[in-house]
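Subject: Structure for you, with notes

Hello,

Here is the structure I promised to pass on. Please open it first, then read the notes below.

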Amino acid sequence: MSEKIINLTCLLIIEEVKDILTTYPATPYQAAFEQPSLRNQLINQVLSQIPEQSYTILNESEELPKNSRRFYSCIEDRMMVEELIHQNIIALLQEQNEMLHSLPQQDDSCSATTPMNANKKLYRWFGY
């Protein structure tokens with residue numbers, strides 16, 4: 001019989017992320033984290049910040065726990081996970097925003113694909 005190791009902490013984070021995101025406004029928060037890559041990045045960042053993680057071994061015939069929260073009886077641990085999720089939601093959105101704003105802005109009148117005739121006003125301004 002085959003066995004698999006399950007990271008219960010990861011299951012908890014996935015559940016908490018889903019629940020916590022519903023408390024945020026639809027845009028930009030929920031919309032941004034609908035992207036699987038950004039949601040996975042959030043889960044991975046939170047998971048990497050949790051020092052002690054819980055695992056279990058399941059037999060092939062066993063199913064994943066329906067509610068991984070029951071494995072966390074300590075309220076401090078759950079509160080730490082929730083706080084990390086909130087912090088990383090904000091950090092990732094700020095990072096996304098900074099990336100969008102750091103892209104070079106192209107002026108259509110000076111782009112390399114604009115025909116020379118369209119730039120006559122610009123050339124006249126320089127005296128050409």
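A residue is called buried when its relative accessible area is under 20%, exposed when it is over 50%, and partly exposed in between (1.4 Å probe, protein chains only). Helices (H or I, at least four residues) and strands (E, at least two) are DSSP runs, numbered from the N terminus.

This is a predicted model, so local features need pLDDT of at least 70, side-chain atom pairs count only at pLDDT 80 or more, and totals for chains, interfaces and linings use all residues. Residues are numbered from 1 along each chain as its sequence is written, and side-chain values use heavy atoms, with hydrogens and water left out.

Overall layout

The protein has five helices and two strands. Along the sequence they run β-α-α-α-β-α-α. Of the 128 residues, 28% are buried. The accessible surface is about 9,300 Å² (Shrake-Rupley method, 1.4 Å probe; for residues, only the protein chains shown count as cover). Carbon and sulfur atoms hold 54% of that surface. A contact means heavy atoms within 4.5 Å. Among contacts with a separation of 6 or more, 82% join residues 24 or more positions apart.

Helix α4 covers residues 75-102, 28 residues in total. From first C-alpha to last it reaches 40 Å, close to the 40 Å expected at 1.5 Å a residue. That expected span is 1.5 Å times one less than the number of residues.

Which residues of α4 are buried? They are V81, L84, I85, N88, I89, L92 and L93. An α-helix has 3.6 residues a turn, so residues three or four places apart point the same way. The buried residues of α4 pack against α1 (8-21), α2 (26-32) and α3 (36-48).

A nonpolar core is a set of buried Ala, Val, Leu, Ile, Met, Phe, Trp, Tyr and Cys residues joined through side-chain atoms within 4.5 Å. The largest one here has 20 residues. I13, V17, F33, L42, V46, I85 and I89 touch the most other members. Helices α1, α3 and α4 each give two or more residues to this core. The most come from α4, with six. Leaving out residues up to four places away in sequence, V17 touches R39, L42, I43 and I85.

Individual residues to look at

E15 sits in helix α1. It counts as buried because its relative accessibility is 17%. Beyond neighbours within four places in sequence, E15 contacts K66, N67, S68 and R69.

T27 and P28 are joined by a cis peptide bond, with omega about 5°. P28 lies in helix α2.

Rings of Phe, Tyr and Trp (its six-membered ring) pair if their centres lie within 6.5 Å; planes under 30 degrees apart are stacked, over 60 edge-to-face, and the rest tilted. There is one aromatic pair by this rule. Y24 and Y29 form it, tilted, at 4.8 Å centre to centre with 40° between the planes. Y24 is buried at 14% relative accessibility, while Y29 is partly exposed at 22%.

Where to be careful

pLDDT is the predictor's confidence in each residue, from 0 to 100. The protein averages 81, and 78% of the residues score at least 70. Confidence is highest in α3, at 96, and lowest in helix α5 (residues 120-125), at a mean of 42. Over residues 108-128 the pLDDT is below 50. Beyond near neighbours in sequence, that stretch has eight contacts in the model. Where pLDDT is low, the predicted coordinates should not be read in detail.

Best wishes
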